[in-house]
Amino acid sequence: MTEYLKKYMKSLRQSLDSAETSEELEKIMAEHKDKIAFMQHERLVHFLVTMMFAVILVIFVGVHLVTENILVSLLVVIITVLLGFYIKHYYFLENTVQEMYRIYDEINAKKNTLSVSEKTEVKRI
């Protein structure tokens, strides 16, 4: 997912930089809205999984405090490591979705600018 998002963001930037008409920006906007929706869903799923691992970690830490079993200690360590990776990935998803929101605003701004300039050119003709 990380590589997919990085490639998409790079291609989006290139498309946005090369777009010169409102129609091109409309196509970019439509695709970008779909990607935002997909990533919001992905972010929600990862948030839920991260919270599930956090709850499981708390439960096993409680069990470890009561039993002091070495196998439970091992499970606590494994779950802590997994939780760390989930938090790292969720952090990436959250920041990327927020960047996607900023790019959405940039697309709107560029579209408005192009619309004004296109209307001005039509009036000149």
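Met-9 is buried, at a relative accessible area of 13% (buried means under 20% relative accessible area, exposed over 50%, partly exposed in between; 1.4 Å probe, protein chains only). The model is predicted: local features need pLDDT of at least 70, side-chain atom pairs count only at pLDDT 80 or more, and totals for chains, interfaces and linings use all residues. Residues are numbered from 1 along each chain as its sequence is written, and side-chain values use heavy atoms, with hydrogens and water left out.

Met-9 belongs to helix 1. Helices (H or I, at least four residues) are DSSP runs, numbered from the N terminus. Not counting residues up to four places away in sequence, Met-9 touches Thr-96, Glu-99, Met-100 and Ile-103; contact means heavy atoms within 4.5 Å. Val-81 is 72 residues from Met-9 along the chain, and their C-alpha atoms are separated by 29 Å.

Helix 1 has 17 residues. From its first C-alpha to its last it reaches 25 Å, close to the 24 Å expected at 1.5 Å a residue. The expected span is 1.5 Å times one less than the number of residues. Buried in helix 1 are Leu-5, Tyr-8, Met-9, Leu-12 and Leu-16. Seen down the axis of helix 1, its buried residues fall within an arc of 100 degrees, so they line one face of the helix. The arc is that of the directions from the helix axis to the C-beta atoms. The face turned away from this buried side carries the exposed residues Lys-7, Lys-10 and Asp-17.

Tyr-8 also takes part in a charge–ring arrangement. The charged end of Lys-35 sits over the Tyr-8 ring, 5.5 Å from its centre. The criterion is NZ of Lys or CZ of Arg within 6 Å of the ring centre and within 35 degrees of the ring normal.

The nonpolar cores come next. In soluble globular proteins, nonpolar side chains tend to be buried together. A nonpolar core is a set of buried Ala, Val, Leu, Ile, Met, Phe, Trp, Tyr and Cys residues joined through side-chain atoms within 4.5 Å. The largest one has 17 residues. Those with the most contacts inside it are Leu-25, Ile-28, Met-100, Ile-103 and Ile-107. Helix 1 (2–18), helix 2 (22–67) and helix 3 (70–124) each give two or more residues to this core. Helix 3 gives the most, with six residues. Leaving aside neighbours within four places in sequence, Leu-25 is in contact with Leu-16, Ala-19, Ile-107, Lys-110, Lys-111 and Leu-114.

His-32 lies in helix 2. His-32 is buried, with a relative accessible area of 0%. Residues up to four places away in sequence aside, His-32 touches Tyr-8, Leu-12, Met-100, Ile-103, Tyr-104 and Ile-107.

Two aromatic pairs were found. Rings of Phe, Tyr and Trp (its six-membered ring) pair if their centres lie within 6.5 Å; planes under 30 degrees apart count as stacked, over 60 as edge-to-face and the rest as tilted. Phe-47 and Tyr-90 form a tilted pair, 5.7 Å centre to centre, with 45 degrees between the planes. Phe-47 lies in helix 2 and Tyr-90 in helix 3, so the pair ties together parts that are 43 residues apart in sequence. Phe-47 counts as partly exposed, at 34% relative accessibility. Tyr-90 counts as partly exposed at 21%. The rings of Phe-53 and Tyr-86 have their centres 4.9 Å apart and their planes at 35 degrees, so this pair is tilted. It links distant parts of the chain: Phe-53 in helix 2 and Tyr-86 in helix 3, 33 residues apart. Phe-53 is buried, at 15% relative accessibility, while Tyr-86 is partly exposed, with a relative accessible area of 25%.

Helix 2 has 46 residues. Its reach from first C-alpha to last is 66 Å, close to the 68 Å expected at 1.5 Å a residue. Val-61 is in helix 2. Val-61 is partly exposed, with a relative accessible area of 33%. Val-61 and Asn-112 are 51 residues apart in sequence and 55 Å apart in space, C-alpha to C-alpha.

Glu-68 follows helix 2, in the loop between helix 2 and helix 3. Phi of Glu-68 is near 55 degrees, a positive value in a residue other than glycine. Glu-68 is exposed, with a relative accessible area of 65%.
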